[in-house]
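Please follow each point in the structure as you go.

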Amino acid sequence: MIDDNFIPLLLVLGLFALLWDTRRDHPCVRMAVTLVPAVLWVPYLFWRVGSTLQAAGGQGWQAQAWIWAVALIELLALLEVGIFLLIMSRLNTRSAQADAVDGAAVLGQPEVDVFIPTYNEPLDVLEKTILGAQAIDYPNKTVWVLDDGRRDWLQAYCARHGVRYLTRPDNLHAKAGNLNHALQHARGAFVAVFDADFVPSRGFIRRTLGLFVDPSVGIVQTPQHFYNKDPIQTNLGLMQDYPDEQRLFFDQMAASRDAWDASFCCGSCSIMRRQALDAAGGIPTESITEDLLTTLVMLRHGYRTVYLNERLSMGLAAESIEGFFVQRERWCRGAIQSLFLRWGPLGPGLTPMQRLLFFPTSWLTQYFVRLFLLLIPLAYLLLGWMPLQFTNTGDLIRFQLPLLAGLFLATRWLVGSHYIPLVSVPASIFASFRLAPTVLASLIQPFGKPFRVTPKGSMSVGGRQVDTVTLAPILLTLALTLLGLLINVTPELAVVPFTEFFPIAVFWSGLNVLALALAALLCIEGPRLRREERFELKEPALLHWGDKSLPVLLVDASVDGFHLSADPAGSALPEASEGLRLVVQDVGEVPLQILRRWPGRLSGRFVPSQAQRDALIRKLFSGDYSNHVSRVQSWRKLLQRMWRKAMH
């Protein structure tokens with residue numbers, strides 16, 4: 001006989017079992033999935049308000065205040081999740097629209113200016129973007145390098161490669177000011193913007209122009225993909241097993257926001273209508289996130305931002321913990337700054353839905369919610385403060401478990417492997433200890449902190465660095481959690497009695513210990529063994545030495561390295577390491593230096609001329625190659641990888 005308390009949970013599990021293999025792009029099914037947690041929230045709210053907000057007699061005002069504080073944080077968490085589910089209840093894709101219209105032909109081959117704003121990026125970063133911009137398959141374009149670093153060597157490089165170089169006497173308003181200065185010199189009908197570390201694909205302009213046939217479109221934003229691994233992938237040892245941290249937004253949320261007409265410019269990998277920019281008065285300079293504000297200003301002038309979810313560029317993800325937090329702190333502060341500006345979500349001229357979806361709810365709530373979830377079992381184990389007036393375990397099973405299961409299953413159904421708590425929760429904890437203070441500081445003093453460029457091109461080779469600023473509070477919280485568990489399993493020291501709630505607190509604390517341990521691992525910078533990222537090619541090539549040649553397979557390659565194989569294994573490969581040349585598609589015959597050999601396989605370095613190096617860059621970075629993680633491993637394998645990383 002099934003306990004009646006389990007019936008709601010079993011119904012939720014059964015419903016998702018029926019829905020699990022349905023089409024995720026079906027609008028009615030998406031709406032139904034997002035409504036499940038909303039329906040479950042109603043009985044939970046009645047139970048929570050009616051039975052759990054009053055502390056038991058004799059516990060004191062501190063315990064009562066804590067119960068109310070927990071309830072407030074829970075309300076903020078449900079608000080954030082509710083807005084997320086609202087956004088995800090719709091989905092939009094514009095690839096068919098881009099296929100249907102030859103925008104270049106319909107618009108009369110309009111002139112397009114390609115802006116590359118730069119400040120301090122090194123040549124090994126900039127050359128990829130400049131050469132990739134040159135390689136865009138569109139005749140009527142002008143590539144501009146906008147150098148706020150005023151570097152003579154970059155001016156000379158641009159002159160050698162036939163691209164426009166532009167600088168200005170000061171760096172007023174940072175990137176926004178740099179772009180506005182360039183707008184005074186450029187005259188194209190459209191302006192594409194690529195940060196100094198983002199390489200456009202050859203088809204970028206032709207794929208995006210078709211969406212501008214709609215005169216209300218002011219900006220077309222495309223996703224940001226990355227050719228390197230971010231700190232979360234690297235520091236957890238998941239380089240080949242888990243996608244980069246931004247895939248949830250760019251692959252899932254951005255396409256759903258587009259269905260609500262709430263897409264926004266992300267600063268790079270976008271193209272803008274010059275007429276819309278002129279109507280908006282140029283790029284707004286009031287915020288350090290000029291991209292978001294550009295969208296909001298254009299909305300007031302009747303121009304929308306739309307999202308084309310196709311990989312049309314590749315760039316550098318933050319390469320270090322420092323770069324990760326510089327980037328996130330800028331995004332966080334800029335989003336909060338928008339609340340204090342007339343063009344922000346609280347200003348006039350927006351619909352209620354636009355205000356809701358552009359309000360920085362997630363930035364304001366997510367980090368405090370995550371930290372509170374760590375504090376709740378601590379307050380119970382060390383101070384004896386209950387997070388709620390506990391009724392009985394049956395009530396948690398009847399009201400809370402179905403809601404939690406519904407939220408988790410709905411999220412997994414909507415975004416798939418882009419959300420796995422084993423990785424997502426430690427990453428959130430890792431970010432929270434550094435970004436929660438940024439949220440508070442931005443609310444108190446939103447303006448005055450200067451724009452900081454995300455450091456790029458600084459990949460370390462070998463060695464480890466430790467982010468002690470983040471690691472210290474993580475280890476302190478971990479130690480206090482373990483102390484609370486140890487005290488309360490020792491009868492003479494126990495703070496709380498062994499009641500029905502105690503096993504729940506122990507289980508909760510155990511999950512926190514695991515998450516904190518993985519978050520601590522994130523604070524230890526993993527070594528990057530290659531200066532240049534490799535791409536899988538698996539293309540036929542021809543190996544020459546002397547008067548001999550051999551067909552081989554170019555397995556993978558970077559700008560300076562390669563790995564090739566031959567068949568039959570080993571017998572025909574040359575013994576010599578000198579005088580070898582490899583004929584590479586779209587590049588030509590490139591001299592090689594062999595570094596390692598195995599039966600049937602060789603690896604080493606290219607020794608290219610400058611022209612061949614440029615051709616390699618164009619081939620690898622503006623072509624169809626990618627090293628993204630296409631298949632996420634199981635939870636067990638992910639945990640094994642992280643354990644192996646921790647032991648090293």
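This is a predicted model: local features need pLDDT of at least 70, side-chain atom pairs count only at pLDDT 80 or more; totals for chains, interfaces and linings use all residues.

**Helix α21 and its partner α6**

- The buried residues of α21 are Q612, D614, A615, L616, I617, K619, L620 and F621.
- The axis of helix α6, which runs over residues 123–134, comes within 9 Å of the axis of α21, and the two cross at roughly 75°; angles of 65 to 115 degrees count as roughly perpendicular, and α6 and α21 are therefore described as roughly perpendicular to each other.
- On the α6 side the contact involves E127, K128, L131 and Q134, and these meet R613, D614, I617, R618 and F621 of α21.
- Sorted by class, the residues of this contact between α6 and α21 are 3 nonpolar, 1 polar and 5 charged.

**Helices α2 and α3**

- Two packed helices are described by the angle between their axes and the distance between the axes.
- For helix α2 (residues 27–51) and helix α3 (residues 60–88), the axes come within 9 Å and the crossing angle is roughly 165°; since angles over 145 degrees count as roughly antiparallel, α2 and α3 are therefore placed in that class, roughly antiparallel to each other.
- The crossing of α2 and α3 is left-handed, and the contact is made by R30, T34, P37, W41, Y44 and R48 from α2 together with V70, A71, E74, L78, L85 and M88 from α3.
- The residues of this contact between α2 and α3 divide into 8 nonpolar, 1 polar and 3 charged.

**Helix α19 and what surrounds its buried residues**

- Helix α19 has 21 residues, numbered 468–488, and from its first C-alpha to its last it reaches 30 Å, close to the 30 Å expected at 1.5 Å a residue.
- Buried residues of α19 include T470, L471, I474, T477, L478 and T481, and the buried residues of this helix pack against α14 (321–337), α16 (361–383), α18 (421–444) and α20 (501–522).

- S270 lies in strand β7, which covers residues 270–273, and because its relative accessibility is 1%, S270 counts as buried.
- Leaving aside residues up to four places away in sequence, S270 touches V191, A192, V193, F204, I219, V220, Q221 and C265.
- W343 lies in the loop between α14 and α15 (352–358), and W343 is buried because its relative accessible area is 17%, where buried means under 20%.
- With residues up to four places away in sequence again not counted, W343 touches E286, L293, L296, V297, R300 and H301.
- W343 and A174 are 169 residues apart in sequence, and their C-alpha atoms are 19 Å apart in space.

**Two residues with positive phi**

- Most residues other than glycine have a negative phi.
- D261, in the loop between α11 (247–259) and β7, has a phi near 55°, a positive value in a residue other than glycine, and with a relative accessible area of 37% D261 is partly exposed.
- D586 also has a positive phi, near 70°, and is placed in the loop between β13 (580–584) and β14 (588–598); at 64% relative accessibility, D586 counts as exposed.

Notes
Residues are numbered from 1 along each chain as its sequence is written. Side-chain values use heavy atoms; hydrogens and water are left out. Axes are lines fitted to C-alpha atoms, for helices over the stretch in contact, and angles run from 0 to 180 degrees between N-to-C directions. Helices (H or I, at least four residues) and strands (E, at least two) are DSSP runs, numbered from the N terminus. Angles under 35 degrees count as roughly parallel, over 145 as roughly antiparallel, 65 to 115 as roughly perpendicular and the rest as oblique. A crossing is left-handed if the near helix is turned anticlockwise from the far one by less than a right angle, and right-handed if clockwise. Contact means heavy atoms within 4.5 Å. Ala, Val, Leu, Ile, Met, Phe, Trp, Tyr, Cys and Pro count as nonpolar, Asp, Glu, Lys and Arg as charged, and the others, Gly among them, as polar. Buried means under 20% relative accessible area, exposed over 50%, partly exposed in between (1.4 Å probe, protein chains only). The expected span of a helix is 1.5 Å times one less than its number of residues.
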